[in-house]
Amino acid sequence: MPPVKGTSARGEWTKQEVIFEQPGEFGKKVCISFWGDKAMDAAALCEGEQVKVSVNVESREYNGRWYTEVRAWKLAKAGPAEGAGAFAPPAHDPFAPGAGMPMPSSGTAVGGGEDAFDDLPF
């Protein structure tokens, strides 16, 4: 995408948005924003180049609507070992069903006392 420049109360700013596609059979596309010095690094990328990007996802409300931005804070060339797996999800998905903290079964003593029974995991 073309770079965007402007001036705010804090001074001049530059933003570069780049569309990345995750490898795989059903590759997903995501638009990632690079701000300031990182915008120059992003502008130097070539199509097809494999990179590893560290991001923060942030949503803001404005006039009753929510806007989400994926903002990069680190950009690195993918090494040969990383290759296509640079964008792969982690091996342990904390949001997968049953991936959370194990739930104690009914009748499990929690809190040390023999009469203390609780179904809560905390």
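**View A. Glutamate 58 and arginine 60 are joined by a salt bridge, with their closest N and O atoms 3.4 Å apart.** A salt bridge is a side-chain nitrogen of Lys or Arg within 4 Å of a carboxyl oxygen of Asp or Glu. The structure is a predicted model, in which local features need pLDDT of at least 70 and side-chain atom pairs count only at pLDDT 80 or more, while totals for chains, interfaces and linings use all residues. Residues are numbered from 1 along each chain as its sequence is written, and side-chain values use heavy atoms, with hydrogens and water left out. Glutamate 58 is partly exposed, with a relative accessible area of 38%, and arginine 60 is partly exposed at 40%. Buried means under 20% relative accessible area, exposed means over 50%, and partly exposed lies in between (1.4 Å probe, protein chains only).

**View B. Glutamate 69 and arginine 71 form a salt bridge, with the closest N and O atoms 3.2 Å apart.** Arginine 71 is partly exposed, at a relative accessible area of 33%, whereas glutamate 69 is buried, at 11%. Through shared partners, salt bridges join Glu58, Arg60, Glu69 and Arg71 into one network. The whole structure holds five salt bridges. Another of these links the side chains of lysine 15 and glutamate 17, at 3.4 Å from N to O. Lysine 15 is buried, with a relative accessible area of 19%, and glutamate 17 is partly exposed, with 22%.

View C. The side chain of glutamate 69 makes a polar contact of 3.2 Å with the side chain of serine 33. A polar contact of 3.2 Å also joins the side chains of glutamate 69 and arginine 71. The term polar contact denotes a pair of N or O atoms within 3.5 Å; within protein, one must be able to donate a hydrogen and the other to accept it, and residues adjacent in sequence count only if both atoms are side-chain atoms. Leaving aside residues up to four places away in sequence, glutamate 69 touches Ser33, Trp35, Asn56, Val57, Glu58 and Arg60. Contact means heavy atoms within 4.5 Å.

**View D. The rings of tryptophan 13 and tryptophan 35 form a tilted pair, with centres 5.5 Å apart and planes at 45°.** Rings of Phe, Tyr and Trp (its six-membered ring) pair if their centres lie within 6.5 Å; planes under 30 degrees apart count as stacked, over 60 as edge-to-face and the rest as tilted. By this rule there are two aromatic pairs. Tryptophan 13 belongs to strand β2 (residues 11-21) and tryptophan 35 to strand β3 (residues 29-35), so the pair ties together parts that are 22 residues apart in sequence. Tryptophan 13 is partly exposed, at 29% relative accessible area, and tryptophan 35 is partly exposed, at 27%.

**View E. The rings of phenylalanine 20 and phenylalanine 34 have centres 6.2 Å apart and planes at 55°, so the pair is tilted.** Phenylalanine 20 lies in strand β2 and phenylalanine 34 in strand β3, so the pair links parts that are 14 residues apart in sequence. Are these residues buried or exposed? Both phenylalanine 20 and phenylalanine 34 are buried.

**View F. The largest nonpolar core has 10 residues: Val18, Phe20, Ile32, Phe34, Ala42, Leu45, Val51, Val53, Val70 and Ala72.** The elements that give two or more residues to this core are β2, β3, β4 (51-62) and β5 (65-77). A nonpolar core is a set of buried Ala, Val, Leu, Ile, Met, Phe, Trp, Tyr and Cys residues joined through side-chain atoms within 4.5 Å. In soluble globular proteins, nonpolar side chains tend to be buried together. Isoleucine 32, in strand β3, is buried, with a relative accessible area of 4%. Beyond four places in sequence, isoleucine 32 touches Gln16, Glu17, Val18, Phe20, Val53, Val55, Val70 and Ala72. With the same exclusion, the residues touched by valine 70 include Val30, Ile32 and Val57.

**View G. The protein has a mean pLDDT of 77, and 64% of its residues reach 70 or more.** The pLDDT is the predictor's confidence in each residue, from 0 to 100. Over residues 83-90, pLDDT stays under 50. Over residues 101-111, pLDDT also stays under 50. Where pLDDT is low, the predicted coordinates should not be read in detail.

Terms used
Helices (H or I, at least four residues) and strands (E, at least two) are DSSP runs, numbered from the N terminus.
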